[in-house]
Structure formats: structure tokens, C-alpha cells
Amino acid sequence: MIDETSINNLPESSGVYFFKDKENNIIYIGKAKSLKDRVKSYFREGAKDPKTERLVRNIDHVDVLLTENEKEAFLLENNLIKEHTPRYNVNL
């Protein structure tokens, strides 16, 4: 289960994050300038849209791939979404 300690141990560099469920299925792929800040934003208190609420309830753990910069993260995210077609990625 993902907890505050595991989030705080994420790097602050750019990269791609993979939210996975209990069965280790990739359910969402995202990119970030700061992986720690972006992943932490999903778990902050406050109103979230229904899709994000469902996503957060299904996250068991997060994996990351570091990139040299945001542009590389964007391109990698795009390719990985096409390859894995995660349930909660709808734009690509």
C-alpha cells in the first residue's frame, strides 16, 4: 500500500510514474517535472473529480522511471500509454 513515507522517498527529478493496483497492473501512467510533488498531489486532502477519486482508491503502489528532462518524460509517457493502455488514461 502506498503511504506518506513511500511518497516522500520519491525523487524530485523529472520522469514518468506508474500507478499500479494490488495485482501489479498498471492503471495510470503520468509524467512530472518533480515526481515527488506530482504523486503527492493525488493524495492531498480536498475535492477531486470522481475519476481521480476512483483512481486513488485503486492505487496500491507507484513505480517511476527517471528522465533527463520534461520533454523526454512527455515523449516516454506518450509511448508507454500507447503500449500499456492503462485503464485511467483516457486522453491518448
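Predicted model: local features only at pLDDT ≥ 70, side-chain atom pairs only at ≥ 80, totals over all residues.
Residues are numbered from 1 along each chain as its sequence is written, and side-chain values use heavy atoms, with hydrogens and water left out.

**The sheet**

Let's start with the strands. Strands (E, at least two residues) and helices (H or I, at least four) are DSSP runs, numbered from the N terminus. Three strands make an open sheet in the order β2-β1-β3, with antiparallel pairing. β2 and β3 are the edge strands, as each pairs on one side only. Neighbouring strands here are turned by 20 degrees against each other on average, direction ignored. Such angles come from axes, which are lines fitted to C-alpha atoms (for helices over the stretch in contact), and they run from 0 to 180 degrees between N-to-C directions.

Two strands count as paired if DSSP finds at least two bridges between them. β1 pairs with β2 over six bridges, and β1 pairs with β3 over six bridges. On the β2 side, Y17 has G30 as its bridge partner, and F18 stands opposite I29. β1 and β2 also form a hairpin with five residues between them, and N24 in that turn has a positive phi of about 70 degrees.

A helix joins in here: α2 packs on the sheet and touches β1, β2 and β3, with its direction at about 30 degrees to that of β1. Contact, by the way, means heavy atoms within 4.5 Å.

**What's tucked inside**

Is β1 enclosed or open? Six of its six residues are buried, so β1 is largely enclosed by the rest of the structure. Buried means under 20% relative accessible area, exposed means over 50%, and partly exposed is in between (1.4 Å probe, protein chains only). G15, Y17 and F19 point one way from β1, while V16, F18 and K20 point the other way.

Now for the nonpolar cores. A nonpolar core is a set of buried Ala, Val, Leu, Ile, Met, Phe, Trp, Tyr and Cys residues joined through side-chain atoms within 4.5 Å. The largest one has 16 residues, and Y17, F19, Y28, V39, Y42, L55 and V62 touch the most other members. β1 (15–20), β2 (26–32), α2 (35–42) and α3 (50–58) each give two or more residues to this core. Apart from it lies another core of six residues, including F18, I29, A73 and I81.

**Charged pairs**

Side chains of opposite charge can pair when their charged atoms come close. A salt bridge here is a side-chain nitrogen of Lys or Arg within 4 Å of a carboxyl oxygen of Asp or Glu. Searching the whole structure turns up three of them:

| Salt bridge | N to O distance |
|---|---|
| K36 and E12 | 3.4 Å |
| K20 and D63 | 2.8 Å |
| K31 and E77 | 3.6 Å |

K36 sits in helix α2 and E12 in the loop between α1 (4–8) and β1, 24 residues apart. K36 is buried at 15% relative accessibility, but E12 is exposed at 55%.

K20 in strand β1 and D63 in strand β3 (residues 61–66) are 43 residues apart. K20 is buried at 13%, whereas D63 is partly exposed at 29%.

K31 belongs to strand β2 and E77 to helix α4, with 46 residues separating them. Here K31 is partly exposed at 34% and E77 is buried at 8%.

N89 lies in the segment after α4 (70–84). What does the side chain of N89 reach at 2.8 Å? It reaches the backbone oxygen of I29. Beyond its neighbours within four places in sequence, N89 is in contact with I27, Y28, I29 and I81. N89 counts as buried because its relative accessible area is 15%.

Note on methods:
Polar contact = N/O pair within 3.5 Å; in protein donor to acceptor, adjacent residues only side chain to side chain.
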